[in-house]
Amino acid sequence: MTSSVTKRNPEKSVDKTTKSKDDVKDKNSTKAAKNFKYGPLPNFPGQRMWSRGVLVIGVLIYLWYFSKGTKDSILSKQTEVYVRRSQIVECGPEYIKDIKQYEGCVPKKCGRFVSDKLVTEEEADILLKLAVRIMARGGSSGGASIVDLHTGALSYRDKFINIYQHNGNKKILTETERKVYELVRKNIQSAIAESFGINTDSLHLTYPTFFSRLSNVDPKTRHDEYWHEHIDKRTYEAFHYTSLLYLNDYGKDFKGGRFIFMDNISAPTKNVTVEPRKGRVSMFTSGSENPHYVERVTEGLRFAITISFTCDATKAILDPAM
């Protein structure tokens with residue numbers, strides 16, 4: 001009996017196998033294509049290396065952006081009215097070391113406070129008119145003029161004169177102006193004591209306390225360069241608490257001239273801005289925790305009063321007389 005053996009054609013077998021593999025490829029390609037809305041992503045030589053390069057460049061750009069320059073935030077806007085707004089910062093070690101010797105004057109925390117409710121618009125207007133009237137008798141040749149009612153110092157061209165001596169026996173202040181000035185000083189003193197948790201009686205008005213008028217005129221002396229970064233306690237040893245009362249409005253009466261707190265005087269990365277508003281009071285501890293500067297005024301005239309306080313009774317000054 002002859003057995004029949006079916007012979008396989010090798011070529012056909014290979015074709016079948018090849019066809020089977022091709023079918024798998026086609027199915028996989030079709031399946032992959034369905035996973036992309038617009039078909040599979042293109043492939044090209046060096047794709048992986050190129051992708052890694054793009055990623056590295058992206059990381060470098062991110063690090064450069066967030067390490068370059070300073071980032072600003074606004075503590076108080078000119079368009080907003082604040083009962084009280086604050087930012088707490090860690091006290092500078094040299095500031096704490098110095099102030100610890102004055103009982104009842106050590107702050108519970110260091111920082112910055114802003115209030116638009118301590119001085120009325122009417123009181124601010126009275127003090128603004130006073131500053132304008134007195135500075136009309138002098139004024140710096142450069143961009144910064146001051147008048148100190150306690151000592152009589154008034155900017156006059158490239159020097160200072162004594163307004164009391166210059167004015168002879170005439171009164172500088174009216175009775176109303178004197179009362180408003182004293183009332184404003186007392187209200188600010190009380191607000192500082194409350195904000196920093198100290199005794200009001202431990203605070204004393206100190207030198208220098210003065211009106212300022214800033215403009216965009218180029219400086220003629222170093223006194224005109226008001227925009228430099230500084231720390232109050234290093235500039236004026238007696239200072240422990242600083243306050244500023246703004247007498248007119250940023251963006252309306254002048255441009256530029258914002259007050260800038262810095263987190264680090266040598267390498268600032270986070271600036272905190274106070275935009276001046278008529279009647280606004282800014283109060284802060286005077287140590288290295290609050291380095292700051294004033295932007296250059298680019299247009300108009302900026303008026304303010306710096307009212308400074310010390311814990312050292314030997315450095316106290318009296319309110320100005322008439």
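**Strand pairing and salt bridges in the predicted model**

In strand β6, Arg157 is the bridge partner of Ser140. The structure is a predicted model, in which local features need pLDDT of at least 70, side-chain atom pairs count only at pLDDT 80 or more, and totals for chains, interfaces and linings use all residues. Residues are numbered from 1 along each chain as its sequence is written, and side-chain values use heavy atoms, with hydrogens and water left out.

Strands here are DSSP runs (E, at least two residues), helices are runs of H or I with at least four residues, and both are numbered from the N terminus. Strands pair if DSSP finds at least two bridges between them. Strand β4 (residues 139-140) and strand β6 (residues 153-157) run parallel and are joined by two bridges. On to the next partner: β6 and strand β7 (residues 159-162) run antiparallel, with four bridges between them. Within that pairing, Leu154 stands opposite Ile161 in β7, and a hairpin of one residue takes β6 into β7.

Now for the charged side chains. Side chains of opposite charge can pair when their charged atoms come close. The search of the whole structure turns up 14 salt bridges, each being a side-chain nitrogen of Lys or Arg within 4 Å of a carboxyl oxygen of Asp or Glu.

One of these is the bridge between Glu94 and Arg234, whose closest N and O atoms are 3.0 Å apart. Glu94 sits in helix α3 (residues 93-99) and Arg234 in helix α7 (residues 232-235), so this pair ties together parts 140 residues apart in sequence. For accessibility, buried means under 20% relative accessible area, exposed over 50%, and partly exposed in between (1.4 Å probe, protein chains only). Glu94 is partly exposed at 42%, whereas Arg234 is exposed at 54%.

Lys233 and Asp98 form another salt bridge, with 3.4 Å between the closest N and O atoms. Lys233 belongs to helix α7 and Asp98 to helix α3, so the pair ties together parts 135 residues apart in sequence. Here Lys233 is buried, with a relative accessible area of 13%, while Asp98 is partly exposed at 23%.

Then there is Lys278 with Asp125, where the closest N and O atoms are 2.7 Å apart. This pair links distant parts of the chain, 153 residues apart: Lys278 lies in the loop between β13 (270-274) and β14 (281-285), and Asp125 in helix α4 (residues 121-135). Lys278 is partly exposed at 23% relative accessibility, and Asp125 is partly exposed with a relative accessible area of 23%. Finally, a network of salt bridges links Glu175, Arg178, Lys179, Glu182 and Lys186.
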